[in-house]
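Please examine the structure before reading on.

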2 protein chains.
Amino acid sequence: MKKMGPENIKAMPSWEAGVVELFVRGANLVGLPRSVGEIYGCLFCAQEPVTFDTLVARLKISRGSVSQGLKVLRQLGAVKVHYIVGSRKDHYIAELSMQELVQGFARDQLGPHLESGSARLKKIEALIESEVDPEKRSHAEQRFNTLRSWQQSGQKILPLVLAVLGGRKFFSKRAQKD
Amino acid sequence: MKKMGPENIKAMPSWEAGVVELFVRGANLVGLPRSVGEIYGCLFCAQEPVTFDTLVARLKISRGSVSQGLKVLRQLGAVKVHYIVGSRKDHYIAELSMQELVQGFARDQLGPHLESGSARLKKIEALIESEVDPEKRSHAEQRFNTLRSWQQSGQKILPLVLAVLGGRKFFSKRAQKD
DNA sequence: TAATCTGTTCAAGAATAATTGAACCTAAGG
DNA sequence: CCTTAGGTTCAATTATTCTTGAACAGATTA
């Protein structure tokens, strides 16, 4: 089979650089590493599926970063693998549906936090009932109720956001293996 | 004037420790340093206004951290200073209105990002019009439109979130000096 | 004015998080 | 089998962010 010659490694056009920068800031905003933003940005701009090696060349980051970044993005549902016939390389494309992106983020990044938060609230409640002496109990309970009401508000918001973005359903329990 | 004896420095009750932990994780979730979460958590639990020194003692963190943490929290509107008569010390109380907290966060943390994002979008648009060669122009424009539609969705969401939390108005331009 | 009390600032050090690159798999080709 | 291409892993390095504490500034009192 044909050996691929050196790839498409011409410099990134400036509008793409701008988009990449935008996604780098976005990634940072939601607590993801810069490299993840770069990779998504690059795929977002691309007209055709992009290979691993092209990402390394275009972004000038290490193979390790690309591998890990793609892993995160696949897991979030932000990129899809596009298998191309006579090529052993994986080709990647960006998921452009905001709905998908937000759902993936909610599932993988927010979900676990919300669950653990919920567990912690239960613990706190138990501690209040068992360890706070009566004179202070009422105040502690009041604060606890505030926390719970915040949690409830939070839970209302997520589905709402998904609805605005055109989404239908919410996250169940997760699936998708590495 | 009377010299204050050594403060209330008994160990933090375990339910408070739990709440502090919760806020530490919350702070981390929204990109704020641990110490800010600790301080807010401590104030949140307190029955009465708390002094600077009490925070240092209860949380076992440095005066510098407390000073900086309180600065952030004041700026966000998450704590208020409560002036108490015959005391030169500042006393702090936590703002318990979720609405206030979210508004402050939107104004100080999100706002600037959204504005700069908007500016970047304009730049990208200009670059596409001026530098992308015709065969690729249409694709680039299509991607740009996707970005803009995402931005618009984002802008719809914020007021909506504030509404769910009982808020009325949104952020204008900011005020409040250090 | 000196002395003390409160709190702030910021450079230096400590702690975290991200990136790199070489070793390492696995599948396919020869 | 042995080799190579394509990717992944992970320990070590590097970059970033947080915390600390000593020096500082203002404000009050003696």
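Predicted model: local features only at pLDDT ≥ 70, side-chain atom pairs only at ≥ 80, totals over all residues.

The contact draws on both helices: α5(A) contributes A:V102, A:Q103, A:A106, A:G117, A:S118, A:L121, A:I124, A:E125 and A:I128, while α6(A) contributes residues including A:R137, A:A140, A:F144, A:L147 and A:L162. By type, the contact residues of α5(A) and α6(A) comprise 11 nonpolar, 4 polar and 4 charged.

Two packed helices are described by the angle between their axes and the distance between the axes. For α5(A) and α6(A), which covers residues 134–164 of chain A, the angle is about 165° and the axes lie 11 Å apart. The two helices are therefore roughly antiparallel, because angles over 145 degrees count as such.

## The position of A:Q99

A:Q99 belongs to helix α5, residues 98–131 of chain A. This residue counts as partly exposed because it has 16 C-beta neighbours inside 10 Å. Although A:Q99 and A:L165 are 66 residues apart along the chain, 5.7 Å separates their C-alpha atoms.

## The surface near DNA strand C

DNA strand C is surrounded by 22 residues, and the closest are A:P33, A:S35, A:G64, B:F52 and B:S67. Two or more residues each come from α2 (34–45) and α4 (63–76) of chain A, and from α3 (52–59) and α4 (63–76) of chain B.

The element that gives the most to this surface is α4(B), with 6 residues. The surface near DNA strand C divides into 6 nonpolar, 8 polar and 8 charged residues.

Key. Residues numbered from 1 in each chain as written. Chains lettered and ligands numbered in written order. Helix = DSSP H or I, 4+ residues; strand = E, 2+ residues; numbered from the N terminus. Buried ≥ 20, exposed ≤ 12 C-beta atoms within 10 Å, placed from the backbone. Axes fitted to C-alpha atoms, helices over the stretch in contact; angles between N-to-C directions. Parallel < 35°, antiparallel > 145°, perpendicular 65-115°, else oblique. Contact = placed C-beta atoms within 7 Å. Nonpolar A, V, L, I, M, F, W, Y, C, P; charged D, E, K, R; others polar. Near = placed C-beta within 6 Å.
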